[in-house]
Amino acid sequence: MRIRLRLRGEVGDTVRSFVLPLGEAKVGSASTNEVVLPVMGVSRHHASLRPGDGTVEVRDLESKNGVYVNGARVSSATLAPGDEVRFGPVALRLETVDEQVVALAVVLSPDSAAPPSAEDPSRATATWAGGDAPEWLPILEQVIPLLRSGAAGLGGAHALLVEEAGLQGCGMVEIRDGAPVIVGAAGSLAGLDEACVREAVRAAGAPSPLSSGTVSGAPDLFWAAVAGAPARMLLAWRRAGTPSVEPALRILVQIAAWADRAPARTAAASPPRRPLVFPARHVRGTSSGMVELYGRMEPIADTDLPVLLIGETGVGKEDFARALHLSASRASGPFVAVNCAAIPAELLEAELFGVGKGAATGVAARPGRFQVAHGGTLFLDEIGDMSLGLQAKLLRVLETGEVEPLAAPAVHVDLRIVSATNVDLASRIDDAQFRADLFYRLCGAVLRIPPLRERRGDIPGLVDGLLRPLAVASGKPIRGVTAKALAALVDYDWPGNVRELGHELQRLLHGCLPGEAIEYGMLREEIRAPRPRREAAAADSLELQRHVDALEERLIKEALARSGGNRTEAARLLRVSRNGLALKMTRLGLDG
């Protein structure tokens, strides 16, 4: 165990701790010091500290209010653990601490370690609380690969910009023979009339190879253009009151033009596969289970194949549904999500299929979610909770491509269905609670999203990726997460998966002082509990599904062992259908 030294005490009205560096450190109110004490009575450069072998040498730098050790004023002295040192009005005590407790395993910002100084109160928050640049970075990381892929990725790029940047709409325009031709667009372009486009074309006609700006009379319409044959221009219709998008457009339009002019592939070469596009908030995993999942998603993303997502609560099934939408040619169409468990059964039919005029007195006509999703993707979450009567109507829509609103004629819809569940549909089919024919319609492809306990190696990246935007949104500058705290987060099983982890990080952020790090002692007691104690508690649990899953896993493994790995024979031994066995193995993570 390596020991570090730190000073701890009340600074102003807040208890602060300062881990001392291995070399010399300066103490004072100026923000350039290693130990910043923004308190009246502390000189700009008050004292110096030099750690030794378990001690610290302190020296007064001719401060106005002096340095006191255990109550006595000194010009220099040697501090031992337990000694109190006072810099003007601020009293701190020297302590020893395990390096694992204070060493940062996740570093959010090196500039945020110090609190605001007396002369510049905004310094500590400048990195994570100000400006819109950090919010653009994850968006650009997703959009740039799409633009580099050329025309195949253009729709996905536009859709991602609209969704993640909060734009009203955006589009790519080519200038051909002096006339604008829109070659791709997404979102609502209401207000983007031909006059606006032509005004942007005239403004972009300067000889400069790269130009950008806004359109006169339309201050929320931004454009960026590059010269060439044809010239290309990217237009973005910003929502009123949101930050400027001009800097990002200047980058993106150049990349799009570069991809357009790249040497064409030979006729014999296979067409490029569209890259997977995730919402900007998604943190991509690098564990073997996630890499395998991404590999299974890629070939089916740009198809109309219905997909069934299987995963425990909180694994982020909607993020994966959105990724399938954004990665497809339907990306410029709408993505509509419906939680089938959150809407009462008697209301879900009207919500899905719509209501015609005159259905009931005082009831206005409204389209259903199927109609709203026309041209895009409909995500049906918690599909296993849908009533049998509604399952029959859903099956008819999937077979005919038509929905029948209440008291209205049938309407044709063109969309892709992605559904999700955290229940065992095979058991529900066996119990006559879910239609087998609907199941086969929905599972053109089945994708299992592994829970966090099966991919612990992804947790450090998730902590970093989830905590950064939370710190930006809160405007609180924290240093990061200590190694001991991160080790406990990795060791925990996370029954609520990514959602639970995100909520815990949000709680920790609110409880962490500005300029400090999230430490082990701040974690919930059940996260800090040793694994054997947690496992014993789980064994004592009366949660039925936990024991059912364990029993099913043991019996399936035994049946596969007896049958020599033959799944048909294993299904016969278990007295379930082969498809039912396959679905159970997918849900339990036994299909690898």
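## Arg86 and strand E10

Arg86 lies over the face of Tyr68, 4.2 Å from the ring centre. The model described here is predicted. Arg86 belongs, with Glu84, to the uncovered face of strand E10 (residues 84-87), whereas Val85 and Phe87 make up the covered face.

Strand E10 has pairing partners in E7 and E11. Strand E7 (residues 67-69) runs antiparallel to E10 and is joined to it by three bridges; here Val67 stands opposite Phe87. Strand E11 (residues 90-98) is likewise antiparallel to E10, with four bridges between them, and Ala91 of E11 is the bridge partner of Arg86. E10 and E11 form a hairpin with two residues between the strands, and Gly88 in the turn has a positive phi of about 60 degrees.

## Aromatic pairs

Six aromatic pairs are found in a search of the whole structure. The planes of Phe335 and Phe379 meet at 25 degrees and the ring centres are 6.2 Å apart; the pair is therefore stacked, as the angle is under 30 degrees. This pair links distant parts of the chain, 44 residues apart: Phe335 lies in strand E19 (residues 335-339) and Phe379 in strand E22 (residues 377-381). Both Phe335 and Phe379 are buried.

Tyr492 and Trp494 form an edge-to-face pair, with 4.7 Å between the centres and 85 degrees between the planes. Tyr492 counts as buried because its relative accessibility is 8%, and Trp494 is buried with a relative accessible area of 0%. Phe278, Tyr294 and Phe320 form one aromatic cluster.

## Lys484 and Tyr520

A charged end also sits over the ring of Tyr520: that of Lys484, at 4.6 Å from the ring centre.

How values were computed. Residues numbered from 1 in each chain as written. Predicted model: local features only at pLDDT ≥ 70, side-chain atom pairs only at ≥ 80, totals over all residues. Heavy atoms only, no water. Buried < 20%, exposed > 50% of the residue type's maximum accessible area, 1.4 Å probe, protein only. Pairing = 2+ DSSP bridges. Phe/Tyr/Trp six-rings, centres within 6.5 Å; stacked < 30°, edge-to-face > 60°. Lys NZ or Arg CZ within 6 Å of the ring centre and 35° of its normal.
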